[in-house]
Amino acid sequence: MLTENVHIAVPTAFFEDESINVQGTIIHIKDLYKQGVKSVLVSGTTGEQHSLNLQEKIEIINGLELEEELISNMEIIFGVASIRQKEAEELAEKIRHSKISGVMLGYPPYVIPTQQEAFVYTERIIHLSNKPTILYNNPKRTGFDLSEESIIQLSKNDLVVGIKDAGNKEKVERIKKGMHNDLYFYAGGEMDLEEKVLHGYNRLSSIAGNVLPTEISQWFQKMLTEQIVSKQESEKIKNIMEHVYQGNAIVNLKKHINHKGIPIGVCRSPIGNI
């Protein structure tokens, strides 16, 4: 079971030639851990996942496995998605035999499987990884929208613990009515977060938490428990949001993290090529 309400979706570090920098990624995760972060999402949701090949993803897992303190004390969720099911299966098998806590299961971009094909793909990956799984639905990026019927059907699987970006208010309400097990509803990033919480989202896959993890986590917790957010807190959050989301969020994050002296490096072009 994944117990944390908030996880930080961490960027992947790259060297100047755009090759992967596993240690740079781990240094950033260590810095978040020192700040009290208990859960991170690696290789997913920052727009970089599909630029990583299977070997690079395996290298990241191998690097994390060597970090005894992190892997034992943090909830580390790993993004699994690929245009080819066979590659996603291989990654899932690698995760099964690791200390990774859970999986964020995304859908193949561009190819647009049918709902039935996506269902078979999902069940296969879950079976092979044998880890708590968050389904990741992101039609804007992939072109594929996991239907409420598919989500309800997949919720019968005990390893499915949540859904990220399930859809609009009406879709969320229908899913909740038809669900077989309770699912956590993860908001992807902080945009329109208040509105999403009102619609039933109760967990956060945070982007801005890479900058100020404690403040973002406390702000979200207050939202969930309907506590009043002070004017000072609101102002701070507004500044973080402008800092992160004005322009390209991943480029902004990397600028901030590099500025701290952590070698997160560049993005893979065309991202950040301006």
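In this predicted model, helix H10 passes helix H11 in a left-handed crossing, that is, the near helix is turned anticlockwise from the far one by less than a right angle (clockwise would be right-handed). The model is a prediction, in which local features need pLDDT of at least 70 and side-chain atom pairs count only at pLDDT 80 or more, while totals for chains, interfaces and linings use all residues. Residues are numbered from 1 along each chain as its sequence is written, and side-chain values use heavy atoms, with hydrogens and water left out. Helices (H or I, at least four residues) and strands (E, at least two) are DSSP runs, numbered from the N terminus.

**Helix packing: H10 and H11**

- H10 covers residues 213-224 and H11 residues 231-245; the two pack at an angle of about 120°, and their axes are 11 Å apart. Axes are lines fitted to C-alpha atoms, for helices over the stretch in contact, and angles run from 0 to 180 degrees between N-to-C directions.
- That angle makes H10 oblique to H11; angles under 35 degrees count as roughly parallel, over 145 as roughly antiparallel, 65 to 115 as roughly perpendicular and the rest as oblique.
- On the H10 side the contact is made by Glu215, Ile216, Trp219 and Lys222, and on the H11 side by Glu233, Lys236, Ile237 and Ile240. Contact means heavy atoms within 4.5 Å.
- Sorted by class, the contact of H10 with H11 holds four nonpolar, no polar and four charged residues. Ala, Val, Leu, Ile, Met, Phe, Trp, Tyr, Cys and Pro count as nonpolar, Asp, Glu, Lys and Arg as charged, and the others, Gly among them, as polar.

**Helix packing: H2 and H4**

- H2 packs with helix H4 (residues 85-96) at an angle of about 10°, with 10 Å between the axes. The two helices are therefore roughly parallel to each other.
- Leu54, Lys57, Ile58, Ile61 and Asn62 of H2 meet Glu87, Glu90, Leu91, Lys94 and Ile95 of H4.
- The contact of H2 with H4 consists of five nonpolar residues, one polar and four charged.

**Salt bridges**

- A salt bridge is a side-chain nitrogen of Lys or Arg within 4 Å of a carboxyl oxygen of Asp or Glu. By this rule there are 11 salt bridges.
- One of them joins glutamate 67 to lysine 30, with the closest N and O atoms 3.1 Å apart. Glutamate 67 is in the loop between helix H2 (54-65) and helix H3 (68-73) and lysine 30 is in helix H1 (residues 22-34), so the pair ties together parts that are 37 residues apart in sequence.
- Glutamate 67 is buried, at a relative accessible area of 16%, and lysine 30 is partly exposed at 32%. Buried means under 20% relative accessible area, exposed over 50%, and partly exposed in between (1.4 Å probe, protein chains only).
- Lysine 171 and aspartate 145 form a salt bridge through their side chains (3.0 Å, N to O). Lysine 171 belongs to helix H8 (residues 169-178) and aspartate 145 to the loop between helix H6 (139-142) and helix H7 (148-154), so this pair ties together parts that are 26 residues apart in sequence.
- Lysine 171 counts as buried at 9% relative accessibility, whereas aspartate 145 counts as partly exposed at 39%.
- Glutamate 233 and lysine 222 form a salt bridge whose closest N and O atoms are 2.9 Å apart. Glutamate 233 lies in H11 and lysine 222 in H10, so the pair ties together parts that are 11 residues apart in sequence.
- Glutamate 233 counts as partly exposed, at 25% relative accessibility.

**Backbone geometry**

- Most residues other than glycine have a negative phi, and most peptide bonds are trans.
- Tyrosine 110 has a positive phi, near 70°. Tyrosine 110 sits in the loop between strand E4 (102-105) and helix H5 (115-129) and is exposed, with a relative accessible area of 76%.
- Aspartate 165 also has a positive phi, near 55°. Aspartate 165 is in the loop between strand E6 (160-164) and H8 and counts as buried, at 16% relative accessibility.
- The peptide bond from serine 269 to proline 270 is cis, with omega near 20°. Proline 270 is in the segment after helix H12 (249-259).

- Glutamate 117 is in helix H5 and counts as partly exposed at 47% relative accessibility.
- Glutamate 117 and glycine 265 are 148 residues apart along the chain, and their C-alpha atoms are separated by 37 Å.
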